[in-house]
Amino acid sequence: MSSRAAASSSGGVRVKSERQAKVKVEKGANGRSQRNRVESEEEEEDAQERGGGRASHRQQESEDDDEEEEEGTPRGNKRQRVNDNGDSRSSRAPSEDAEEDEDEDEGEPRARLPKVKTQPRDTDGFIPGSIVRIQLKNFVTYDFVEFRPGPYLNMIVGPNGTGKSSIACAIALGLNFPPKVLGRASELNAFVKQGTDKGYIEIELKGFAGKPNLVIRRELTAKNKGSSFSLNGQPATGREVSEKMAALNVQVENLCSFLPQDKVSSFAHMTPQQLLVETQKAAGDPNLSSWFETLKDEGKQLKLAQQKLKEDENTLAQLKKRNENIEHEVERIKEKQKIEEEIQLLESLILTAHYREVGQQYTEAKEKRNKAHKKMLELKARNEPAHKLEKDLEKAAGKASERRSSQKRSMQDKAKALKKKQEDSDAQDALAENIQTDLDNLKTNEKNRLAKIRSKEHDLAQAKEDLAKPPPNLPDPNELQEEMKQINLEKAALTQEVDERNNEIRAVVNQKVTAMEDVRKNTDQLRRLDTADAKKLGILAKWDAITHGLMEVFEPPILSVSVRDVNYAAFAEAGFSAMQMKTFVAQCQEDLDTLNHWVNDTDKALGRRVRIATYFRTQNPQSVAPPPMSHDEMRAIGFEGYLIDLLEYPEGMAYWLKGALNLHRIAISPSGRADVTKAMELYGKSGGGVFINGSAVNNVSRSRYGNRAVGNMTREMNMQAKNFVVPPVDTAEKARLETAIREAQGQAELLEQQKVELQGLLDAVNEKDKDIRKRADAVTARRQAIKNERDRVSKLEVRKRRLEEDLARLKNAPSAEQERKKLKDSLVNVSKKRIKIAREYTDLARSIYKGQLECTNAGLEWLQALTNHTALKALCAEKDAKYTQAVAKFNDIHEQFGKLKQLAHEAITEVRARLDLLDEVNPDLRARVNEMERVRSAYDLEVIAAKKEGRPPPSSEGIDLRTYADLEAEIAEQKAAKEMILNTNPGVIEEFEKRKRDIEGRERTIEGTKLQIRRHEKKIKMHRDQWEPALDALITSICERFSAAFDSIGCAGEVKLGERVDDFEQWCIEIFVKFRDTERMTLLTGQRQSGGERSLTTILYLMALTEEARAPFSLVDEINQGMDQRAERVVHNSMVNVTCKEDAAQYFLITPKLLTDLNYHERMKILCVNNGEWLPEERGVGNMMGMIEGFVARARETGRAPGSA
């Protein structure tokens, strides 16, 4: 039967029947349908992280940057804050406008946010952002529930397993906060009730004054990880919900405001720096977080700028000193550079002069080439008709040659055919000769046949005679078989005896080998005990013994505990938390105090203070709960054993492993086939516990109230072992290994003696075997004689049959006359073929004669055509003699012209390359060369024009008329002057100028850095003057309330800021507590105090924060677990007083139990969770307020006070 839930309170009960969730489809303003959009959990979480903080005006851009970088969100340049409101700009080097920026920053900071604890309260008592109503369907343990909390303290009570903590889950998930804030399942679909397909969370938040409430609904599905949102009935995205939460300052992610059950221990594990950050978010001046983030950012920037300034000033001094040392050298180099520049000018001018002279020669050669070419063309035109006739005769000679070649090939083919006929005729002649030879040999062949018949008849008679001879005297085969059978029996018995002896020897040898292998293995293990790691562990063990003195202090399980079978390492690690894996276990209070003093409290032992986890409890075996089932019961339902059975550990750690970790109660089933239902029943009978089925960790709990229903929560286990994969070295193993080596060596000596004795017995058996082999050989020889006689008779019979067959074949052969007739017929056929071949040969010879005549005529025609062409060709050669001379003269002139052209091309290319180089290295020099060449070119053109016109040349004043030789001599003179300036470094002046530019740039950078430092210092002072007093006031207020709460329970507590250093990243809040008169105030950590002490400290700190809190609601879940009654009572009364004040925000306290005679307030509201299999189906039944009123009424009727006996 599925469970249902009802919520009862002082204000009445509302129980609604189950309703089917439907997706609403409404028309938007644009007329198109708008649907609820299902978003993946990943998109929602990204939206939450990108959407900014949950509280308004937190402005933690640096934290947002870190989160987005972890999620892989691309970012631009990192933003740096420039004012207390969190405005930012791209981080970059100081610009030339730095002075203007500083002037802008000199003004007063922007108006700070008003200092308010919460939003103004409405007439109904609720403040904006507080929870007005919660409705759940098919969520975790609930089929359906709806309840309305009050605006102040709400106490949610109910038995374990009824779904109290599920309400905290619903609040976090319903307001679009990620599942990781709960410390439970990481997937959304894990919160849908088992056996249902979907569910939803609906939360109504109080709106701002004058505005309607905000109804947020989140639809969940069991089939995937997605979900969808709606705001006031309209589809919405996760980003929109997150923006609403930020506007209302809802802080579910802050442990100071929202502390789920599975995150209680996380509060104590927060570092002091984290505690400061979270406290500023939750309470005090709303500008604290933005001020603090700005101070941290500006502090980082100031430190970097100061470091950069120091480096730049050192660099500037070095640059100036270096330039002073080389200034004289620079003057000498400049003089040399001036000479080099003049040489460059002359080298450029000499190239142009060379090009000018080559160009003049090129122009003259071009005119000569044109005249020679014209004469050559005229001679070629005169000889053209004779050359045309020569070509025609050449074609005619070619055609005659082709006809002659064709006739020649035809004659060659006919000659080959004639030769083939001759070969055929010769073959027939040879065949006729062979037939004639066979006719001549017929008489001789007949004589040979008769002789073979007589020989075969004689051999046949001899074979029959040999077969008729009587056989020799041989033994009876049956008797030999019986004798051999007896020998085999004796041999089999002896073989069995040999095998037995060999097996005995082999067994002894194997045992000896095993013993020697044990010696080798144990020796290797002893050798490995002396490795570096073993020595380090030995030193650590000695250190423990010296330090603790009284009793042994056990090293953390990661060193002192190992797994018997590494295949179970992951299951073994599931029984340890990360902190428990590193916990030192003491066996007495004195050792615990000594260890804490030397390691945790001072730096005397290690040179620095560290925090290690320690443990000691006075042993009380009766307090250790027994296993929930016997080993037989475990195996019957599919379990293999308990976790503690998998481990090897020191005896002194047994109490910790059982009493603190309950490893003797955690059953495991690696196969995942255990009966979960039966296991829950057995665990429920023993009060609950944990078991592992496959990769699922099941946490079974039993309600303490009502029908004591059994509940089960599961989570996935990490199947990848990290710590127990390699077991640690056991230092006590050495003695065992040495004993094993001695025993194995002694056993090997005994086995060697047994081997010698068995070898003697085996030798005696081998002697018997030799005698049996001799007897067997004698029998085998007699059996071989019988076989030989049988083989002789068989061969004679075969020879007799073969001789009879050969004799019959010879007698049945054909006669000589028959063979003679056959050969004569073959000879006649051969003669006919020879006649036919002779006729064909004659016809082919006549055809060859006719073809030869045609071939001769074709040859004569070819000779005539060739003679005509040769004669005309000789005539043309005589006419071409003058033309050839003209061509040769033209070629010579053309070759000379080509060389001058190439020289001119190379010269102009060299000039251009030189000018391009000047463009790069000395543009001014290039311009000077261009101007000189322009003037010279203009002068040359005027000279040519004057010569043509017959007038005198123009004046050469101011014109550079130096020739190539003149320029070459002047270059040599300048190079000689350059060589007079010795020992100069060409790179010095470049180094000097570059360093000069660096000095100027460095001076500008230093001024900008100083300006930046002044700006950072001004910002830090401006923000610190506002932040530090506000923070001091907040910490003082928290400390007063925190100390007062501790005083009320007879303990001591203090909250203060850590050391005030310049690095704002190191600022922190430190909580000091003392729970016993014999102790001194110690820092709260996640390792030192017990679980109950940490819980008490956590709730008292949260209570101290409450009056300064800015969040619209806060929540703590089962924070009173582990407290004694006195502390729990004080905490409860303090919470009621604080959270029921007029200006207090909404508060939720989830607890499974309450003490009697507690203080209550009319503003608080108690919500009792009644959830289970036996709730009534009728509406209104189970209204707790109605029950209370009915009880009071009946008590009045009977005349006795409620609660009296």
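I started with Arg-133 and Glu-146, whose side chains form a salt bridge at 3.1 Å, N to O. I count a salt bridge when a side-chain nitrogen of Lys or Arg is within 4 Å of a carboxyl oxygen of Asp or Glu. Arg-133 sits in strand E8 (residues 131-139) and Glu-146 in strand E9 (residues 142-147), so the pair ties together parts 13 residues apart in sequence. Strands (E, at least two residues) and helices (H or I, at least four) are DSSP runs, numbered from the N terminus.

The model is predicted: local features need pLDDT of at least 70, side-chain atom pairs need 80 or more, and totals for chains, interfaces and linings use all residues. Residues are numbered from 1 along each chain as its sequence is written, and side-chain values use heavy atoms, without hydrogens or water.

Are Arg-133 and Glu-146 buried or exposed? Both are buried. Buried means under 20% relative accessible area, exposed over 50%, and partly exposed in between (1.4 Å probe, protein chains only). I also found both in a salt-bridge network with Glu-202, Glu-204, Arg-217 and Glu-219.

Next I looked up Glu-840 and Lys-421, which meet in a salt bridge at 2.6 Å, N to O. Glu-840 is in helix H22 (residues 816-921) and Lys-421 in helix H10, so this pair ties together parts 419 residues apart in sequence. Glu-840 is partly exposed at 30%; Lys-421 is partly exposed at 26%.

Then I checked Glu-895 and Lys-899, a salt bridge at 3.9 Å, N to O. Both lie in helix H22, 4 residues apart, about one turn of the helix.

In total, I noted 35 salt bridges in the structure.
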